[in-house]
Amino acid sequence: MSKVIKCHFFLQYVDKEEVVLWMNTVGPYHNRQETYKYFSLPFCVGTKKTISHYHETLGEALQGVELEFSGLDIKFKDEVMQTSYCDIELDKAKRDAFVYAINNHYWYQMYIDDLPIWGIVGEADENGEDHYLWTYKKLEIGFNGNRIVDVNLTSEGKVKLVPNTRIAMSYSVKWKKSDVKFEDRFDKYLDPSFFQHRIHWFSIFNSFMMVIFLVGLVSMILMRTLRKDYARYSKEEEMDDMDRDLGDEYGWKQVHGDVFRPSSHPMLFSSLIGSGCQIFSVSFIVIIVAMIEDLYTERGSMLSTAIFVYAATSPVNGYFGGSLYAKQGGRRWIKQMFIGAFLIPAMVCGTAFFINFIAMYYHASRAIPFGTMVAVCCICFFVILPLNLVGTILGRNLSGQPNFPCRVNAVPRPIPEKKWFMEPAVIVCLGGILPFGSIFIEMYFIFTSFWAYKIYYVYGFMMLVLVILCIVTVCVTIVCTYFLLNAEDYRWQWTSFLSAASTAVYVYMYSFYYYFFKTKMYGLFQTSFYFGYMAVFSTSLGIMCGAVGYVGTSAFVRKIYTNVKID
């Protein structure tokens, strides 16, 4: 049904009606994000009157879409034999520009009726001495009824680049009837053999087995070990010798007076938890929307959807962050609300503005226009902040009371010495390994679709991996927290958050491996773009995992201390 509804956004043509060929960007093949306006290379434009194009969506503007009219005269079902549309007066400067583009494997992107077409600028001979430009664009357009369903480009007319010569650019258009349905016209751009490979299925199965193992482990701790703890604490039954020998291990009851003590830096902590809950909400909703709608068929629609959903879910951030800050006795709730509201936007915008300076230096199409920056700032101040305020007020009033099952002692209990592997720092470092292990295969597919030329469309896989990641993260943090409390260390809030958030460190380390061994990226702009936005992605993932881990662990801690009898 979703595909049928979307049909209304695309043109239905009548015979001889104008079909616009938009020229988008040109850039090096190995650097997907390093793109420039098509006419930044000294191509000539067709004779037809120019049509201006405005960014249709915020996502389109942020992704560097720069549509310019080709000037080619194309009409629906009207075949065009090879026709010259303009000449390039090739002086030395223009030749050098083309030679540089050919040596760096430049290729360009065009659109007809929102269908993307790619072509290569030219090629060099085996010795790299002579360079040739493709001058003939041979378009073959498929139609089904009164709609365009398929476009193919063949580049021909190889001409040697010689200074002070004139090069004629030409095109032809052939129309053919196609059986492809309009709603299926993007299927040719998908790659089922890549995304539905056996390795992908195997990684999901592998992660699923890990979930079963961890859930079993946590269940054993909750049911078997805790039952023994309760029995020992309430003296309801005799302990055997082994329990007596291990008696000092079960020391979590000893810290009942400190376990619900407010965390250090409660303002920052509650802001991180609120932001993490919001990121989880955004991820969940966007994946569901992507499963229902084919967002990849519209330029920038995924990014536009993510921005809209992030703004709309701001009350989630305010609710969880505000209620947690109130429970921890925080008084400066307005400051906490501002930190929570702007934590993620400041990180993303700060990175984007830094990369924007490099993009402007390169004159790249990825340079974000000033108007788009203003629009993003307006969203932050006039949408995200007020909604965050609403969420914070609701959170403080509905669930901001510190209704802990144990009273907090006035004087903090000294933390005893423990084995090195029970230290919070060690637990934090090791806590992210299993969650990362459950997602790293999926990371490869996501990275390849973003940094290479694949269209990610298997959002069912992504939803499954998100669920698996959350279950693994909660299980790992519960186990880590149980051992920490057994060692009579009550600093579990930050430990549970950071042990789950350390997944981000492993993801970022994996991004280095991916950059050096799976891509051929080069240059300052592409490298800074890659590592800048990978840092944003990893940090956001870490905050989300940390929040999920903390929420799960908090429920666990509350449960075990509710059931134990306190003298």
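I started in the loop between helix H3 (92-103) and strand E5 (106-112), where His105 sits. This is a predicted model, so I'm reading every angle and distance here as the predictor's. Phi of His105 comes out near 55 degrees, positive in a residue other than glycine. I noted that because most residues other than glycine have a negative phi. His105 counts as partly exposed, at 45% relative accessibility.

I then went to His265, also not a glycine, with a positive phi of about 50 degrees. His265 is in the loop between helix H6 (241-245) and helix H7 (266-292). Is His265 buried or exposed? Exposed, with a relative accessible area of 58%.

Next I checked His131, which belongs to strand E8 (residues 131-144). His131 has a relative accessible area of 4%, so I put it down as buried. What does the side chain of His131 reach? The side chain of Asn103 makes a polar contact of 2.9 Å with that of His131. A polar atom of the His131 side chain also lies 3.5 Å from the backbone oxygen of Glu129. Leaving out neighbours within four places in sequence, I listed the contacts of His131; among them are Arg95, Val99, Ile102, Glu123 and Leu161.

I followed E8 to its partner. Strand E9 (residues 147-160) runs antiparallel to E8, and twelve bridges join the two. Tyr132 stands opposite Lys160 in E9. Lys160 is also on the contact list of His131. At the turn, with two residues between the strands, I found Gly145 with a positive phi near 70 degrees.

**Cysteines**

How many disulfides does the structure hold? I found one. Cys44 and Cys86 form the disulfide, with sulfur atoms 1.8 Å apart. The angle about the S-S bond is 65 degrees, and the link is right-handed. Cys44 is in the loop between strand E2 (36-37) and helix H2 (58-62), while Cys86 is in strand E4 (residues 80-90), so the pair links distant parts of the chain, 42 residues apart. Both ends are buried: Cys44 at 15% relative accessibility, Cys86 at 12%.

I looked at two other cysteines as well. Cys378 is partly exposed, with a relative accessible area of 33%. For Cys429 the closest cysteine sulfur is in Cys480, 11 Å away, again too far for a bond. Cys429 is partly exposed too, at 47%.

I took a closer look at Ile112: beyond four places in sequence, its contacts include Val19, Val20, Ile74, Leu139, Ile141 and Ile148.

**Confidence**

I left pLDDT for last. The chain averages 87, and 93% of the residues score at least 70. Confidence is highest in helix H16 (residues 503-518), at a mean of 96, and lowest in helix H1 (residues 2-6), at 32. Over residues 1-9 the pLDDT is below 50, and this stretch has twelve contacts beyond near neighbours in sequence. Residues 244-250 are also below 50, with ten such contacts.

Terms used
Residues numbered from 1 in each chain as written. Predicted model: local features only at pLDDT ≥ 70, side-chain atom pairs only at ≥ 80, totals over all residues. Heavy atoms only, no water. Helix = DSSP H or I, 4+ residues; strand = E, 2+ residues; numbered from the N terminus. Buried < 20%, exposed > 50% of the residue type's maximum accessible area, 1.4 Å probe, protein only. Polar contact = N/O pair within 3.5 Å; in protein donor to acceptor, adjacent residues only side chain to side chain. Contact = heavy atoms within 4.5 Å. pLDDT = per-residue confidence, 0-100. Pairing = 2+ DSSP bridges. Disulfide = S-S within 2.5 Å.
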